[in-house]
Amino acid sequence: MPQTVTALTGSCVQIPCTFNISNFEDKRKNATSINGIWLKNKSQFADKDSLIAFNSSKNIIRGFSDIQMTGDLTERNCTTVFYNIMMNHSDSYYFRLEMEPDVFKATFNPSKDVSSKTVRINVKDSPQPPELKPNDLTVKEETTVTLSCSAEAPCPKQPPTISWSNISESAHITTQLQEKPDKTQSVFSYMTFKASYKDHRKSITCTATYPRNTSDASTVESTVMLQVLFPPKETRVIITSVGTTVTLTCESHASPSNDLNYTWYKHGEETPIAWGKKINLTGTQIQTGSYFCIAQNKHGKQSSEEAEEQSGLSHLVIYGCTGGLLTFVLLSAVFFYCMRTKASRQARVIGSDQAVDKNRDTMDIYANNATVLSKNGEKKETDDLHYGEIDFSKLQEGHKTKEHSNNGPETEYAELQVIERKRQINAQQIDKLYAQVQKK
């Protein structure tokens, strides 16, 4: 029997219990009944301060909503489950065995070693955090890692559930309920994965959730940080320039990173040109070429891709061309904007003029043949060429026709009603206007 059992309020607690007495088999044969009793606070059965919490013979339950003895007394198993634990249930409990009629009666609490024959129930509102092992996790890259997370299960009928977070997608997880050496039970979860350099400094969390007869469940967690040892990764060169100074920086991820060494080379040369994370090239040192760096720690090394560096003069030419191109683009944009604005204004002026000229159009009509109707309705053909000019802007309703004569050919003036007028006459199409003229 364990010396101490931790229980959670609103849940149950199981006390694992076994006993052993001399000549038990003989006593069992002579006994008509075997009963188990749990005493609270005192081991003396007749003591007035002792409380009989449970008596299997009379089905007595005091101070608890329910108590069940799950063990078989004939098999020397007195395991018992106490349900709906409350804070006032924290106390020492003693087991008493009675074999009737008067075969054997005793409380398992010898004066020489009281602690081994009694159990202390400690009730808490929140459970203990799960135990995560190993708590210091430092491994090499590509190493297979196994983490174990265990949470006490004081109530095996309502065990906690265990979950993992921030783990690798390839992780394999197994969970099971196991019995510990003191006969209490815990939920064990094992998580196995292969360490990657991307897992470095990753915090892995194990969470235990306890169900209970309250409004919410209790959740506790434990975390361990994973330290992965690996050679340099993602090594690259970064180029920055200020004025005539060019700086080359070697960037790399590695663990440990405090012992990283950097070596610089120029393409085509076997001898290193510099050492260190950064190198500065100034003035005449700047030469056109490809440079690369090698990062190294005790676990390995990696070379960067080659970075091409132009001479200082080339930089100036590039900067000058770039500035000139930007200036040209800006001036072109301003010029086209002004031209577009001017064209828009001219279009508005032309449109206004056309509206004014709509009522002031003048048309010259030339005809080789003219057909006129005389007052008596007779049709008269003339081979003479007549020229007529009509000014529509001067026509007014109610005007009378006027007759003018001179020594030249006779010109007839008449009021005409224009059926349709187009604003512009297509050069490829000749419109003929026909009019009926009343001759005076």
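Begin at the second largest pocket, which holds about 190 Å³ of space; a pocket is an open set of points on a 1 Å grid over the protein atoms alone, where a 1.4 Å probe fits, with protein on both sides within 12 Å along at least five of seven lines. This is a predicted model, in which local features need pLDDT of at least 70 and side-chain atom pairs count only at pLDDT 80 or more, while totals for chains, interfaces and linings use all residues. Residues are numbered from 1 along each chain as its sequence is written, and side-chain values use heavy atoms, leaving out hydrogens and water.

Select Thr4, Thr6, Glu152, Lys180 and Thr184, which lie nearest the centre of the second largest pocket among its 14 lining residues (those with an atom within 4 Å of a point). Strand 1 (residues 4-8) gives the most to this lining, with three residues; strands are DSSP runs of E, at least two residues long, numbered from the N terminus.

Next, show the cysteines, where a search of the whole structure finds four disulfides, each a pair of cysteine sulfur atoms within 2.5 Å. Select Cys149 and Cys206, joined with an S to S distance of 1.6 Å. This pair links strand 13 (residues 144-152), which holds Cys149, to strand 17 (residues 202-210), which holds Cys206, 57 residues apart. Both Cys149 and Cys206 are buried, meaning under 20% relative accessible area with a 1.4 Å probe, protein chains only.

Finally, move to Cys250 and Cys293, whose S to S distance is 2.1 Å. The torsion about their S-S bond is about 70°, so this disulfide is right-handed.

Conventions. Points joined across faces, edges and corners; volume = space filled by probe spheres on them. Helix = DSSP H or I, 4+ residues; strand = E, 2+ residues; numbered from the N terminus. Buried < 20%, exposed > 50% of the residue type's maximum accessible area, 1.4 Å probe, protein only.
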